[in-house]
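Visitor: I would like to know how the words used for a protein model are tied to numbers. Please take me through them.

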Amino acid sequence: MQMNRERLMKMAGAVRTGGKGSMRRKKKAVHKTTTTDDKRLQSTLKRIGVNAIPAIEEVNIFKDDIVIQFVNPKVQASIAANTWVVSGAPQTKKLQDILPQVLGHLGPDNLENLKKLAEQIQKQAPSGGATATTAPEEDDDDDVPELVPGETFEAAAEEAKATS
């Protein structure tokens, strides 16, 4: 007990601003706000030399079979730095869901990419159907077997040990 008291007194003495009898310091917790991060980002973008691009209604970023969609985003670009900044509220959607909307926006350059994409989806569709037919068989293996009247798990376990 004596050692703990000495230790506490030593620790209490370390947080005093003045001598004995003075008030303890009040440490103000400094919270880092997101506005400072945003200001730092904006200053870096200004240094790169990005320009705002007005009147963009929608931005779609394609990644595998997922599309990240921004509706009415703030778009900034620096061609020299090969940098595009898209800021706004993103929505993640599946490619199959958004494909009909995007078809009108695609130009002739993207037609080849669209054909490749359609082939990939067709390849996935037959394999998806094949797995759907085999799935019920696999589910049967995962089911819990019905109990036989008069038998318990303990008796079956002992019987299995005796046979092996």
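Guide: A residue is called buried under 20% relative accessible area, exposed over 50%, and partly exposed in between, with a 1.4 Å probe and protein chains only. This is a predicted model, in which local features need pLDDT of at least 70, side-chain atom pairs count only at pLDDT 80 or more, and totals for chains, interfaces and linings use all residues. Residues are numbered from 1 along each chain as its sequence is written, and side-chain values use heavy atoms, with hydrogens and water left out.

Visitor: Why is glutamine 76 called buried?

Guide: Its relative accessible area is 8%, and the limit is under 20%, so glutamine 76 is buried. Glutamine 76 sits in strand S4. Helices (H or I, at least four residues) and strands (E, at least two) are DSSP runs, numbered from the N terminus.

Visitor: What does glutamine 76 touch?

Guide: Contact means heavy atoms within 4.5 Å. Leaving aside residues up to four places away in sequence, glutamine 76 touches Gln42, Leu45, Val50, Asn51, Ala52, Thr83, Trp84 and Val85.

Visitor: How do you know whether glutamine 69 is buried or exposed?

Guide: Glutamine 69 has 2% relative accessibility, which is under 20%, so the residue counts as buried. Glutamine 69 belongs to strand S3.

Visitor: What makes polar contacts with the side chain of glutamine 69?

Guide: A polar contact is a pair of N or O atoms within 3.5 Å; within protein, one must be able to donate a hydrogen and the other to accept it, and residues adjacent in sequence count only if both atoms are side-chain atoms. The glutamine 69 side chain has such a contact with the side chain of asparagine 60 at 3.5 Å, and another with the side chain of lysine 93 at 2.8 Å. Asn60 and Lys93 are also among the residues that glutamine 69 touches, not counting residues up to four places away in sequence.

Visitor: Why is alanine 81 called partly exposed?

Guide: Its relative accessibility is 36%, which falls between 20% and 50%, so alanine 81 counts as partly exposed. Alanine 81 is in the loop between S4 and S5. Between alanine 81 and glycine 49 there are 8.2 Å in space, C-alpha to C-alpha, and the two are 32 residues apart in sequence.

Visitor: What makes asparagine 82 exposed?

Guide: Asparagine 82 has 66% relative accessibility, and the limit is over 50%, so the residue is exposed. Asparagine 82 lies in the loop between S4 and strand S5 (83–87). Its phi is near 55°, a positive value in a residue other than glycine. Most residues other than glycine have a negative phi.

Visitor: Why is asparagine 72 called exposed?

Guide: At 58%, the relative accessible area of asparagine 72 is over 50%, so asparagine 72 is exposed. The loop between strand S3 (66–71) and strand S4 (74–78) holds asparagine 72, whose phi, near 50°, is positive.

Visitor: How many residues of the protein chain are there, and what percentage count as buried?

Guide: There are 164 residues, of which 12% count as buried. The chain has 5 helices and 6 strands, in the order α-α-β-β-β-β-β-β-α-α-α along the sequence. Among contacts between residues at least 6 apart in sequence, 40% join residues at least 24 apart.
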